[in-house]
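User: Could you walk me through this one? I am new to it.
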Amino acid sequence: MPKKRENGEGTVYFDKQRNKYRAAITDPYGQRLFKRFNTREEAKDWLTDIRSQFARDTYVAPNDMTISDWIIEWIKTYKANLRPKSKLQYLQSFSHIEPIADMPLQAKSANLTVQRFLNGLPDTMASSSKYKIYQLLSAAVKKAYMLGIINKNFMDLVEPPKVTHEEVEIFTQAEIKKILDYLQNPTTPSRLRRHYAFILLAATTGARLGELLSLRWKNVDTKENTIKIVSTLQALPGRPPEDMPTKTAAGRRYITIPERVTAALLALKKSGKILYMDKQDYVFRTRAGTPFLPSNMRRAWSVILKGAEVNYKKFHCLRHTHATQLLSGGVPLLEVCKRLGHSKPSHTLNLYGHAIPNMDKMVAEQVAKIYEISG
């Protein structure tokens, strides 16, 4: 009597209609797996490999999930608590993957398909945007691999798009002076002059636009000449503006301000044009008590630069200018990093290292001192 084949052992037989050997086996989920081969040996090897996957618990059941299906599920399930702005960035990146949206997540040549897709992104797209698409795909596929939805992380074989960093733009000290002088000129429209304290604070702290718009009086210490950054104002399309916690722990910080800046803030508070009721009030707000929207402030910034006869640069360039001025003035890198709210000094150095004067010379002098070869 022939020996009864155990469940999960699999079978190999010759398919006369197709002139192929066919291997079949039932997986642990009760799903019947089939595959055809030219030789019996190839069929047996396949069965051996499948049984080995069963034994090692590395087997992944076949499914017809597409890359877009999985990313949608991944965002809904594993990224539900993302900051609204971060989720919007994910969705913006997701909107660009249409050319590979229907690619099966378990496709054999998935890495090649994704690589060709990334390589074919238009030249007009910013390199940073291309990299964000790569990051989205990498994070989602990595999670699918960890959950056993796919048997390998094919994104490990995909080369990321190269990111070209734009040269950091800064204002000259003369340009900063022209801007501040313009905002104090009695002939300047009052709707622009009211932003003097805001622009002065931005220029002397290097704080981000959203951080300053979110600043409340309870976080301004006029005796110690400090402001405390604890949040940032976000205004997303279709949603009212809201204060969000800083993205990192390093973003929560105290920033010392010059006495002149403190005086400008006190003058704003006592101007009488806006009634401040308590410490919860926004420092920079409309007559209705609401904070200025980032978009409105950017528009005002553009008008201010035009009126001051200064070539347009983004508001964020005030931050770049502040950082480079501190470094060129000899302020230690770590202190600049803390003031800007960077998590790592390396990030500060990568952005503004060019501003440190005579760096190569100082390094050479230190090397000579260490090895006692100076002079």
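Analyst: A term to begin with: buried means under 20% relative accessible area, exposed over 50%, and partly exposed in between (1.4 Å probe, protein chains only). This is a predicted model, in which local features need pLDDT of at least 70, side-chain atom pairs count only at pLDDT 80 or more, and totals for chains, interfaces and linings use all residues. Residues are numbered from 1 along each chain as its sequence is written, and side-chain values use heavy atoms, with hydrogens and water left out.

User: So is E309 buried or exposed?
Analyst: E309 counts as exposed, because its relative accessibility is 67%.

User: And where is E309 located?
Analyst: E309 lies in the loop between α11 (294-308) and α12 (317-328), where helices (H or I, at least four residues) and strands (E, at least two) are DSSP runs, numbered from the N terminus. Its phi is near 60°, a positive value in a residue other than glycine.

User: What is the phi of N19?
Analyst: N19, which is not a glycine either, has a positive phi of about 55°. N19 is found in the loop between β1 (11-15) and β2 (20-26), and it counts as exposed because its relative accessible area is 55%.

User: Changing topic, in what order do the strands of the open sheet come?
Analyst: The order is β4-β5-β8, with antiparallel pairing; two strands pair if DSSP finds at least two bridges between them. At the edges are β4 (220-221) and β8 (253-256), each pairing on one side only.

User: How many bridges join β5 to β8?
Analyst: Four bridges join β5 (residues 226-229) to β8, and I229 stands opposite R253 in β8.
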